[in-house]
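User: Could you walk me through this structure, one question at a time?

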Amino acid sequence: MKPTGFSRLSIRRQEEITGYLFIIPFLIGFFLFQGLPFIISFIISFTDLQFVTNIGSLKFIGFKNFITFLHDNTAVESLGRSLLYTVLFVPAIMMSSLILALILNKRIMARNAIRTMIFLPYVSNIVAIAIVWQLLLDPRDGPVNLLLQSMGMIHLPMWLVGGTHIVIPTIVLIACWQGMGFNLVTYLAALQGVPKELYEASEIDGANSLQKFIRVTLPMISPTTFFLTITSLIASTQNYSIVQVLTKGGPGEASRVFPLNIVEEAFTHSRLGYASAQSLVIFTILILATLIQWKMQKRWVNYD
Amino acid sequence: MESKMINTETTHKGYFKKKNRNQMGLIILSLFMLIYGILNLFPFLFMLSSSFKALGKVFEYPIRIIPETIVFNHYVELFSPKYSFMRWYANTLVMEFSTIVLRIFIVGITAYAFARLRFRGRDIIFLIVLAALMIPGDMTLVPRYIIYKFLHITDTMWSMVLPYTFEVFLIFLVRQFFMTIPFELSEAAIIDGCNHLQVFYKIILPLARPVMSTMILFTFVWAWNDYITPYIFITNVDKQMLSVGLQYFQALYIDNYPLQMAASTLILVPVILIFLIAQKSFIEGIATSGLKG
């Protein structure tokens, strides 16, 4: 074969050119679908953009959107509900998945079957899950309340149709049930990575189970705890789907969390700029929370 | 060694007792966990059994898991042309297939370049790309809507397929695996006159079957279950995907619980089957990405 232009280059040089050629399709797509949206969301947060077609004539209005936000009761209240959601969700899913992982890490019978049972909701379609939970938790006819009633309970919980203090914890419960599998599997892998010698050594030192858990297990799995706390935190702010399919923000506005508010501002009221500014608020809070975690990790995360 | 032997000797009796007690504890714990696991699955059992019940028999008390009379009607009805259900099923499958094909190629060659080719700026580009993992997707819905409008891909499956294709997490997952394949293999092939594209599909791809199947699994499950993307970017009923379609369906047949349950079951079955068949590779994928992340 006659050497063409490309194959006359040195192997090293060919490798370099191939490298760029191979990543270019991805980089274009990455820019278009990840980088650019991020940049645009910053820019339009400071504009009065309403409809996409008006994009040519948009006006920069400085921090006006953010000032409007501070005086917008619906928005601030929905941010409060999101905060309540996060404060309930993160500790609940972290603790329950750790406890389940500790149990499943023992030599119990049928542990793989049990792990599968706990994991199954994680791969299930959220709309299907929502429909069945709505039926299960129906305050009048649902099996859960009928069971409670037969056990003599008089004031039956309203679950998904109750006020903020009932509906948000109910959604959190369902979200934990659904998301548990991911945390559980990650924790299990971490627990299996703890060297047996460490437990043996502390046994020789006379440590009991609780001491072993506090002195050996917890520090050894702390990088995983750190990782899962961050991912659970991010997951808790991405709760649009689960809230929308379970309650659509209702009853009334009892479960209208921040992402629901943003989507409604953007796509029902066509206030794209204002909605973007609200996204920026939650993003800033999230970055701050992550940074604080990052700073604090030195105190409790063990990386040897 | 000597002292250890004596030690076990003397405490042998006590140890045996302790072991027995532990055994009992484990059995009780196993039973407890088994009950927990079954309770955990109760919503699925309820869904399945309700889908075979006659209208008005869903809310019986005490609950019957096995219906009095088994009714197949709802499933037969769902397949009738009266509903768009089959249409949504087909849309979702086409979308899945396109995503998977594009991902194998794009994620494959990108991960190959980042893992196995040396070029200037590679590591810094990779770091910038990784930083995007921190951006929550819901935050950029508005700008994505604007971009998709300009690209004329709203109301088409491409508003799902294209963003999926360029997701960063999978690049990371696949790159980690590619780095573990011995470099001698590709060097030898290059000296024999193969180009890198040939090395990629003749040598790397066959060896990377485990990670590629993990990627396909993740893709299938995520795309199948995604709700917010089709909800925001697709409004045409005929172009809709299953997730949102199911919600339309629920709103239309608000009182027909068995029909809703049958539709829900039909959505869950493919994913659950695939998960049960391939759960090892799915769970390992999550565990490794979790530990490395």
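Analyst: Happy to! A:Q293 touches A:T229 and A:I230, leaving aside residues up to four places away in sequence; touching here means C-beta atoms, placed from the backbone, within 7 Å. This is a predicted model, where local features need pLDDT of at least 70, side-chain atom pairs count only at pLDDT 80 or more, and totals for chains, interfaces and linings use all residues. Residues are numbered from 1 along each chain as its sequence is written, while chains are lettered from A and ligands numbered from 1 in the order in which they are written.

User: Is A:Q293 buried, partly exposed or exposed?

Analyst: A residue is buried with 20 or more other C-beta atoms within 10 Å of its own, exposed with 12 or fewer, and partly exposed in between. A:Q293 has 14 C-beta neighbours inside 10 Å, so A:Q293 counts as partly exposed.

User: Which residues of α3(B) does α6(A) meet?

Analyst: Helices are DSSP runs (H or I, at least four residues), numbered from the N terminus. From α6(A), the residues A:I129, A:V132, A:W133 and A:L136 take part. Their partners in α3(B) are B:P43, B:F46 and B:M47.

User: At what angle do the axes of helix α6 of chain A and helix α3 of chain B cross?

Analyst: Axes are lines fitted to C-alpha atoms, for helices over the stretch in contact, with angles from 0 to 180 degrees between N-to-C directions. Here the axes of α6 (residues 126-136) of chain A and α3 (residues 42-50) of chain B come within 10 Å, and they cross at roughly 90°.

Terms used: Two residues are in contact if their C-beta atoms, placed from the backbone, lie within 7 Å. Helices (H or I, at least four residues) and strands (E, at least two) are DSSP runs, numbered from the N terminus.
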